[in-house]
Amino acid sequence: MNTQNTPVHIHLWHRDFWLLVVANLLLSMSVTMLIPTLPLWMLYMEGLTSAETGLAMGVFALGLFLPGVFCSFLVQHYRRNMVCTWSIMALAVSLLVPLYIHPMPFWMVMLMRLVQGSAYGLAQMVLASTLVIDTCESYQRTEANHSSTWFGRMALSLGPMIGLLLYHQTELSIMLYAAAGCCLLAVLLIFIVHFPFRVPSEHVTLFSLDRFFLTSGWPLFLNLFLIMVGVGMILSLPLEELFYGLMMVGFLLALLAQRFVFPDAELKSEVVAGLIVIIAAELILLFVPQSPLHFPLLGLGLGILGARFVLFFIKLSRHCQRGTAQSSYLLGWESGLAVGIGMGYLVFDCDRDAILKTSLALVVAGLAIYTLFMHHWFLKNKNR
């Protein structure tokens with residue numbers, strides 16, 4: 001039976017690792033706080049149409065990919081922690097642009113979102129695929145990748161919940177300052193960690209897929225992207241703070257399930273179970289919207305699914321491709337969410353039933369692709 005369990009090394013959780021994973025949480029929160037709040041600003045304060053709002057939210061996905069080909073060159077020629085911190089600072093500045101330019105023309109909103117996606121994408125590539133790994137022993141690196149992505153996943157609940165609370169209880173400016181503050185705190189935590197000086201490499205090309213995209217894992221990337229588009233469409237709906245708060249309950253249940261339900265289960269079971277739980281959450285949203293069960297179920301399904309997919313990418317990578325695998329997972333997860341949120345506004349104009357039915361179809365398609373093709377393909381092509 002094909003099983004896969006991730007051991008727990010207590011020595012992994014030292015001070016530097018804690019600082020970096022909390023920095024990852026704060027960095028992710030600074031962006032996820034915008035998911036439910038920025039469209040409200042675009043629609044009701046800037047007067048953009050639903051289609052323009054969808055384009056602006058979706059172009060964030062394009063920004064994620066733009067700096068990727070330069071990532072290897074930058075971390076080989078400059079201090080990698082400085083590349084990360086300057087990217088986060090650029091993100092912080094871009095978050096505050098709406099406070100100083102009003103009204104903002106549509107082209108400038110698009111440019112702002114493109115810059116936010118680029119800065120966030122580069123920061124995440126360096127932080128998750130390089131800095132986190134640098135703090136760990138070689139035998140701890142799979143667990144380090146697995147654990148650090150959990151903090152980014154938690155931000156999908158915490159960020160929107162805090163963003164909505166600040167937006168409704170105060171005003172947009174306070175929410176944006178809080179998001180920028182998360183970036184500054186992340187920078188501070190990264191500065192506390194000591195990274196040894198590395199001699200810059202001389203034979204690194206300007207353009208490279210290293211630390212950016214794992215070409216051998218493109219089918220897995222497309223499978224994850226399709227699923228996350230469906231999830232992103234759900235997040236384009238007008239959801240209350242309670243939704244995101246109870247989603248965190250689901251994430252915590254997923255952590256318990258990984259430790260006590262799936263540790264020695266068949267390799268296929270986690271992805272299938274996670275997708276079935278997400279489908280159940282969507283069916284409840286569609287047919288019994290007053291039920292509170294869909295809140296934690298969505299978090300449970302996403303937690304189980306995301307944790308297994310990141311390990312799949314790592315298992316597909318060859319020697320010295322671990323960081324590239326991690327970046328590929330992040331790109332699939334984040335770009336899928338951004339495209340799904342954009343589609344909710346651009347294509348469906350926030351039509352609840354149409355969004356949920358289309359989202360359900362995408363997740364069901366993702367389950368069919370995984371069970372009929374992807375799992376066999378993974379077993380045939382994995383390298384670890």
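How many cavities of 30 Å³ or more does a search of the whole structure find? Five. A cavity here is a set of points on a 1 Å grid over the protein atoms alone, where a 1.4 Å probe fits but cannot get out. Points are joined across faces, edges and corners, and a volume is the space filled by probe spheres set on the points.

Some ground rules. This is a predicted model: local features need pLDDT of at least 70, side-chain atom pairs count only at pLDDT 80 or more, and totals for chains, interfaces and linings use all residues. Residues are numbered from 1 along each chain as its sequence is written, and side-chain values use heavy atoms, without hydrogens or water.

The largest cavity holds about 140 Å³. Its lining (residues with an atom within 4 Å of a point) includes Val-31, Met-57, Phe-60, Arg-113 and Glu-334. Helices H1 (15–32), H2 (34–44), H3 (50–65) and H13 (322–346) each supply at least two lining residues. Helices are DSSP runs, H or I, of at least four residues, numbered from the N terminus. H13 gives the most, with four.

By class, that lining has eight nonpolar, one polar and two charged residues. Nonpolar means Ala, Val, Leu, Ile, Met, Phe, Trp, Tyr, Cys and Pro; charged means Asp, Glu, Lys and Arg; the others, Gly among them, are polar.

Next, the second largest cavity, at about 90 Å³. Among its lining residues are Asn-24, Tyr-120, Arg-153, Trp-333 and Glu-334. H13 again gives the most, with four residues. The lining divides into five nonpolar, five polar and two charged.

Terms used:
On a 1 Å grid over the protein atoms alone, a cavity is a set of points where a 1.4 Å probe fits but cannot get out, and a pocket is an open set with protein on both sides within 12 Å along at least five of seven lines; lining residues have an atom within 4 Å of a point.
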